[in-house]
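Student: I have a structure to go through. Can we work from the whole chain down to single residues?

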Amino acid sequence: AAYGPQVFFQGIANSSNIYFFWLGGGFQEGNKTVFEGLGVDRLAKYARAFGYGSRTGLDISGEQDGTIPDPTWKQFHKNQPWFKGDTYNMSIGQGDVLATPLQVANTTNVIANGGTLYEPHLARAELDSDGNVAKNLSQAQIGQGRPVPVDAECIRKRKRHQPPSPVRDRGSALERRLRRRRVEQVALEVSHSAVRHQRLVQVRD
């Protein structure tokens, strides 16, 4: 869909690939660079700052690193050069980008708390053989949180002065809301049907 000019929050709300193509890879008309874009190096730098491309440190086995590609990675793993199209793909989290659900959840947490990346844990503490606390993981988590380059003031202003948002009218957020409403409607219909059936059984009895 043609959304017209957008600011950053609108680009997110509208799930606009075009906006993030422009932001990440820039735009050229012939030999003229209209907008430089962030470029692969800065995209990779900030993605890794948010914890992508490495394990979160969750205290169970089986966690994967994920992948944040760059020219060196592509040359080593695919024996291919980096193209502008790779940057565009990377800008929307596609192409060779791989992320775990936990890494994505961590990103949400970083934005919500104003810019600190924490190491997640499933337990509150490690106990010794006598049942005493050997290591308090919740306290260690706070101490190990590392800062992430997030504009916390921008986020706070966004929370305080929330304007009418395109999230409610467009993009994948609308699709999720409509899907949830359909599920709720079906559940309500099933519930009503069960009540009617129960009453019918009672009348017959």
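Student: What percentage of the contacts in the chain with a separation of 6 or more is accounted for by residues 24 or more positions apart?

Tutor: Keep in mind that this is a predicted model. The chain has nine helices and six strands. Among contacts with a separation of 6 or more, the share from residues 24 or more positions apart is 53%.

Student: Which part of the accessible surface belongs to carbon and sulfur atoms?

Tutor: Buried residues make up 24% of the chain's 205 residues. The accessible surface of the chain is about 14,500 Å². The part belonging to carbon and sulfur atoms is 54%.

Student: How are H3 and H5 oriented to each other, roughly parallel or roughly antiparallel?

Tutor: H3 covers residues 39-49 and H5 covers residues 84-91. Their axes lie 10 Å apart, at an angle of about 30°. Angles under 35 degrees count as roughly parallel. H3 and H5 are therefore roughly parallel.

Student: Which residues in H5 are met by residues in H3?

Tutor: The crossing of the two helices is left-handed. From H3 come Gly39, Val40, Leu43 and Ala44. The contact has four nonpolar residues, three polar and no charged. On the H5 side, the residues are Thr87, Met90 and Ser91.

Student: Does Asn106 count as buried or exposed?

Tutor: Asn106 is in helix H6, residues 101-113. Leaving out residues up to four places away in sequence, Asn106 touches Thr56, Leu117, Tyr118 and Pro120. The cut-off for buried is under 20% relative accessible area. Asn106 has 10% relative accessibility, so Asn106 counts as buried.

Terms used
Residues are numbered from 1 along each chain as its sequence is written. This is a predicted model: local features need pLDDT of at least 70, side-chain atom pairs count only at pLDDT 80 or more; totals for chains, interfaces and linings use all residues. Side-chain values use heavy atoms; hydrogens and water are left out. Axes are lines fitted to C-alpha atoms, for helices over the stretch in contact, and angles run from 0 to 180 degrees between N-to-C directions. Helices (H or I, at least four residues) and strands (E, at least two) are DSSP runs, numbered from the N terminus. Angles under 35 degrees count as roughly parallel, over 145 as roughly antiparallel, 65 to 115 as roughly perpendicular and the rest as oblique. A crossing is left-handed if the near helix is turned anticlockwise from the far one by less than a right angle, and right-handed if clockwise. Contact means heavy atoms within 4.5 Å. Ala, Val, Leu, Ile, Met, Phe, Trp, Tyr, Cys and Pro count as nonpolar, Asp, Glu, Lys and Arg as charged, and the others, Gly among them, as polar. Buried means under 20% relative accessible area, exposed over 50%, partly exposed in between (1.4 Å probe, protein chains only). Accessible areas come from the Shrake-Rupley method with a 1.4 Å probe; for residues, only the protein chains shown count as cover.
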